[in-house]
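Work through these exercises with the sequence and the model side by side. Try each task before reading its solution.

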Amino acid sequence: MNNFLRSALKKIVIKKGDITKEQVDAIVNAANSHLRHGGGVALAIVKAGGVEIQRESDEIIKKIGILPTGHAVITNAYNLPCKFVIHTVGPVYGEGDEDEKLYRAIYNSLYLAHLYNLKSIAFPAVSSGIFGFPKDRCARILIDTAIEFLENIQTGIEKVVFCLFDDETYGYFEEYYNKLQ
Ligand code: ADP
């Protein structure tokens with residue numbers, strides 16, 4: 001294993017849990033293009049963080065129309081233990097070009113955290129719930145994207161957490177991460 005990969009892997013944490021409880025600088029929301037946080041992890045984030053997150057999201061949508069798949073925006077986190085919520089839109093499985101779109105969603109979230117000088121960020125398994133993306137492929141793309149980012153961008157990000165809600169998803173992330181060790 002080369003030193004770049006070793007150093008990137010050291011910054012990655014795979015854990016099971018509820019992302020709304022994560023004490024990191026930013027958690028990532030698996031949002032839709034309208035930033036209507038009505039189900040899945042998005043609803044859990046607004047329930048725990050407060051309606052202000054939805055209100056700020058609505059303001060963004062008023063300005064930009066829709067948030068295209070693969071893009072990311074940031075809001076405050078209000079009652080959550082983190083400082084910010086990064087909202088990204090992963091692909092709906094079946095719409096085409098999904099791997100590339102999921103890659104961009106993760107990369108752009110990391111890049112936004114980097115621009116805000118954040119040190120830690122936590123991701124859920126973006127697209128693998130309501131959007132139907134296969135969980136094993138999701139695990140591979142999310143971990144590979146984090147590694148590529150950490151290897152190539154001179155960044156202050158010291159920790160990238162993948163916070164998985166259920167045993168099956170956690171199992172795929174753990175398995176792929178261990179394969180890279
Ligand atoms: P998408 O529409 O992008 O598929 P979902 O919110 O439906 O987004 O699901 C993404 C992933 O987030 C799924 O694996 C789901 O089980 C998980 N999830 C749901 N609630 C939470 C939570 N509180 N913390 C972490 N992950 C969660």
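## Exercise 1: the H5–H6 contact

Task: list the residues of H5 and H6 that meet, then describe how the two helices pack.

Solution. Begin with the residue list. H5 contributes Lys-135, Asp-136, Cys-138, Ala-139, Arg-140, Leu-142, Ile-143, Asp-144 and Ile-147. From H6 come Glu-168, Thr-169, Tyr-172, Phe-173, Tyr-176, Tyr-177 and Leu-180. Sort them by class: the contact of H5 with H6 has 10 nonpolar, 1 polar and 5 charged residues. Keep in mind that this is a predicted model.

Next, the geometry. The axes of H5 and H6 lie 9 Å apart, and the helices pack at an angle of about 45°. H5 is therefore oblique to H6. The crossing of H5 past H6 is right-handed.

## Exercise 2: the H4–H5 contact

Task: which residues of H4 and H5 meet, and at what angle do the axes cross?

Solution. Locate the helices first. H4 covers residues 98-115 and H5 covers residues 135-152. Their axes come within 9 Å and cross at roughly 40°. So H4 is oblique to H5. H4 passes H5 in a right-handed crossing.

Now read off the side facing H5. H4 supplies Glu-98, Asp-99, Leu-102, Tyr-103, Ile-106, Tyr-107, Leu-110, Tyr-111 and His-114. They meet Arg-137, Cys-138, Ile-141, Leu-142, Thr-145, Ala-146, Glu-148 and Phe-149 of H5. The tally for H4 with H5 is 11 nonpolar, 2 polar and 4 charged residues.

Cys-138 and Leu-142 of H5 meet H4. Cys-138 and Leu-142 also meet H6.

## Exercise 3: the H1–H5 contact

Task: how do H1 and H5 cross, and which residues make the contact?

Solution. H1 spans residues 3-10. The axes of H1 and H5 come within 9 Å, crossing at roughly 115°. This crossing is right-handed. Phe-4, Leu-5, Ala-8 and Leu-9 of H1 touch Ile-147, Leu-150 and Glu-151 of H5. By class, that gives 6 nonpolar, no polar and 1 charged residues.

## Exercise 4: the whole protein

Task: how many helices and strands are there, and in what pattern do they follow along the sequence?

Solution. Count 6 helices and 6 strands. Along the sequence the pattern is α-β-β-α-α-β-β-α-β-α-β-α. Check the extent next: the C-alpha trace spans about 45 × 35 × 30 Å along its principal axes. A compact globule of 181 residues would have a radius of gyration near 16 Å, and the protein has 15 Å, so the two agree.

Conventions:
Residues are numbered from 1 along each chain as its sequence is written. This is a predicted model: local features need pLDDT of at least 70, side-chain atom pairs count only at pLDDT 80 or more; totals for chains, interfaces and linings use all residues. Side-chain values use heavy atoms; hydrogens and water are left out. Axes are lines fitted to C-alpha atoms, for helices over the stretch in contact, and angles run from 0 to 180 degrees between N-to-C directions. Helices (H or I, at least four residues) and strands (E, at least two) are DSSP runs, numbered from the N terminus. Angles under 35 degrees count as roughly parallel, over 145 as roughly antiparallel, 65 to 115 as roughly perpendicular and the rest as oblique. A crossing is left-handed if the near helix is turned anticlockwise from the far one by less than a right angle, and right-handed if clockwise. Contact means heavy atoms within 4.5 Å. Ala, Val, Leu, Ile, Met, Phe, Trp, Tyr, Cys and Pro count as nonpolar, Asp, Glu, Lys and Arg as charged, and the others, Gly among them, as polar. The radius of gyration is taken over C-alpha atoms; the globule rule is 2.2 Å times the number of residues to the power 0.38.
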